[in-house]
Structures are given as structure tokens and as C-alpha cells.
Amino acid sequence: MNNNHNYCMLLAGGKGTRLWPYSRRDVPKQFLDFFGMGMSLLQMTYQRVKPIFDNDHIYILANREHAALVREQLPEIPEENILLEPQYRNTAPAITWAASHLYAKDPNANMAVLPTDQVILNENEFRNCLLRGLDFVAQGTKLLTLVIKPTRPETTYGYIQVSDEKDGEMFRVQSFTEKPAKEFAQLFMDTGEFYWNVGIFLWNVESILTNVVDNIPEIAEKVEIGRPSEDIYASCPNLSIDYGILERSKDVYAMVCSFGWMDMGSWEQYYQMSPKDSNENVTGGNQVIAYNSERNLIQTPHEKLVVVEDLNDFIVMEHQNVLLICPQSKAANIRKYVNDVQVHLGDKFV
């Protein structure tokens, strides 16, 4: 199947705080089955890439707290392909460490970096895009990001502006904008030059490591091949690969894709992608009786009955020992709720 220089890195180290209380510190969102399919988001991502990568060419990058979960959910992956971070330090140090690891194995490696909290509807087209992208980055030093044409003025996504300059089907990237205000998101849609940044990146490992040395040497000098010590890793800046490399490099290109992409980053996005009843409520098969109530997300244990009246645009989310009730418009505050709970009540509820 895959006897060449193409590798896949699945990012499974996030905390999933915005999907609290369902996503918790001990079992964050990437290890959860949100859709009742018998597979976690991590397992769905693995199944998506398995047809084009052999298991020894698939790497998992996760936090060491979740080592057992990774091994339990993906027993097919070789032990040496599971890279465990000693600290949460964002994607720049994590990807640098992973790329260094891969470079030691294969200096000619091409690397596809994929989040594990996404839903892809057209998996054949997705794999086709990955293979075309890997062919592109194998030819030189260019960095590639996959982008999607926006379907609504979404304010929780990052946007990438492309220029008219092309290399084959790939557009040179002109600018990045992170989570714009509503009016700017609408303007971005209207211009036709801006696309959603889906966080899927492809590059040759030598190219990305050179970019790290040039743009964020404070990470390059600390992250070494092999497992970094907790002290060294903790001293790395908490920096995303987008900001640390892609926004600074002059050699970034974008591939415009159409494979039915949806992000599982927040309850708002979960609501967007979920089936709704005639009143636009999402209940996930729970027992809910709703009077004059619309556009709610209600998720509770299946043995419970929920009755609501005159409730609109709310999140009602119960999981284990936490019940969350807040307006959907305040969903961005969930991280704050989690921080406050941890400060005042400890780790029991997070």
C-alpha cells in the first residue's frame, strides 16, 4: 500500500474544553463517540486515512495523560509511532517534535498533519486531496494548507486569503485572519478570495524544520529528537503552527478542496452539523418534550426526561456530574466556565 515517503501525523493532544462537560480532561473530545457510530473522533480519522497509509506510516501525537486511551482505541498503530507530549504546548512545538522524529527515520519524508476533531463527508475526495497535496510538497520547499470555500459568515473559524498567483492548482497564500467579527466574515465571503482554514497541513519534513529554525528558533533549539524532558518542553512558547510558521513564511500555498468538511470544535458547531426536529432543536435521541421552544441543543443521559417551555437558542448539556445551561450565544464562555470551576472546585468537575 504505502512503501514511499508519505506519512500521516494525527494530532490527538487537545483538551476539547469548548465541548465541556461532555469532553473532560481524562477523556477529551477526540476519544469520544459523539455520533453513536461506535467510533471515537480519533478512530474515525484513522479509518479515513488508513486506505492510503500503512500503519507504520501513521503517527499519533497525544498527551502522555492519554497514552492508554490511544493504545486502547488504535491497537493497530506501532508503539514507537505514538508520540506522547509531556506538556500541553500547542501545535508549533508538537509538530516540530513530530517532524524531527520523522526526519530521523526518513529525511525525505512528506508529512500530512491532520486534526482528529473533524467530520469529513466525502472521504474519497478527501483522500484524493491528500495524495495530490503530498505530490505537490514532495517537489520542493513549499508548505501547503487545505482550505474550504465558506458557506456562511462563520466567526469561530480562521480565514485564509489567496492571491491570483498559482502553482498548478495551488494558490499562493496572501494573508491569515483568525476568527473575524461577523461583518468581516460576511465581507470575506463576498470577495471570494477568502477560505476557511481547516487546519490540515502538508509539507516535506526538511522544509518545515528549516522554517522552524528560521522563524521560531526558540522552539528549534529546545525540541530534540526523542522524547523531550518535561522541563524543556514546558519552556517552549505556547504557539500555534499557524502563527509561528504559516503566517511568517513566504512560501505557503493553499489547495481549495470540497470534501464536506465540518469541525467539532464547539457546541455551536456540533449544533450546526446535527439533525434537527421541526423546531430546529437538536436532542440527540434524548427524551425531550418542548413547548414553544426552538433552536436548542439538549443533550442529557438517555434515561432522563427533559421538559422545557419558552426556551430558545440555549444549550442544555448534562454529562456525569455536571449540568450546563447557557445561551448558545455565550458558548464561547465555556472555557471561562471550566477555568472558574477548576479554580474554585478543583479537578473533580473538569
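Visitor: In which loop is N90 found?
Guide: A note before we start: this is a predicted model, in which local features need pLDDT of at least 70 and side-chain atom pairs count only at pLDDT 80 or more, while totals for chains, interfaces and linings use all residues. Helices (H or I, at least four residues) and strands (E, at least two) are DSSP runs numbered from the N terminus. With those elements as landmarks, N90 sits in the loop between β3 (82–85) and α3.

Visitor: What is the phi of N90 near?
Guide: Most residues other than glycine have a negative phi. N90 is a residue other than glycine, yet its phi is positive, near 75 degrees.

Visitor: Is N90 buried, partly exposed or exposed?
Guide: Buried means under 20% relative accessible area, exposed means over 50%, and partly exposed lies in between, with a 1.4 Å probe and protein chains only. Residues are numbered from 1 along each chain as its sequence is written, and side-chain values use heavy atoms, with hydrogens and water left out. The relative accessible area of N90 is 36%, so N90 is partly exposed.

Visitor: Where is N292, and how much relative accessible area does it have?
Guide: N292 also has a positive phi without being a glycine, about 50 degrees. Its place is in the loop between β12 and β13 (297–299). N292 counts as exposed because its relative accessible area is 59%.

Visitor: Which peptide bond is cis?
Guide: Most peptide bonds are trans. For the exception here, look at the loop between β1 and α1, where P21 is found. With omega near 5 degrees, the cis bond is the one from W20 to P21.

Visitor: How many helices and strands are there in the chain?
Guide: The C-alpha atoms of the chain fill a box of roughly 60 × 45 × 40 Å along the principal axes. Of its 350 residues, 53% count as buried. The chain holds eleven helices and 16 strands.

Visitor: What is the radius of gyration of the chain?
Guide: This value is taken over C-alpha atoms, and the globule rule is 2.2 Å times the number of residues to the power 0.38. For 350 residues that rule gives 20 Å, and the chain comes close to it, so it is as compact as a globular protein of that length. The radius of gyration of the chain is 21 Å.

Visitor: How many residues of helix α1 are buried?
Guide: Helix α1 covers residues 41–49 and is largely enclosed by the rest of the structure. Among the elements that cover its buried residues are β1 (6–12), β2 (58–63) and α2 (67–73). The buried residues include L41, Y46 and V49.

Visitor: What separates the C-alpha atoms of M170 and A254?
Guide: M170 is found in strand β8 (residues 170–178), and its relative accessible area is 3%, so M170 is buried. Contact means heavy atoms within 4.5 Å, and beyond its neighbours up to four places away in sequence, M170 touches residues including R132, Y253 and A254. M170 and A254 are 84 residues apart along the chain, but the separation of their C-alpha atoms is 5.5 Å.

Visitor: What relative accessibility does P93 have?
Guide: The place of P93 is in helix α3 (residues 91–105). Leaving aside neighbours within four places in sequence, P93 is in contact with I219, V223, Y233, C236, P237 and L239. P93 counts as buried because its relative accessibility is 0%.
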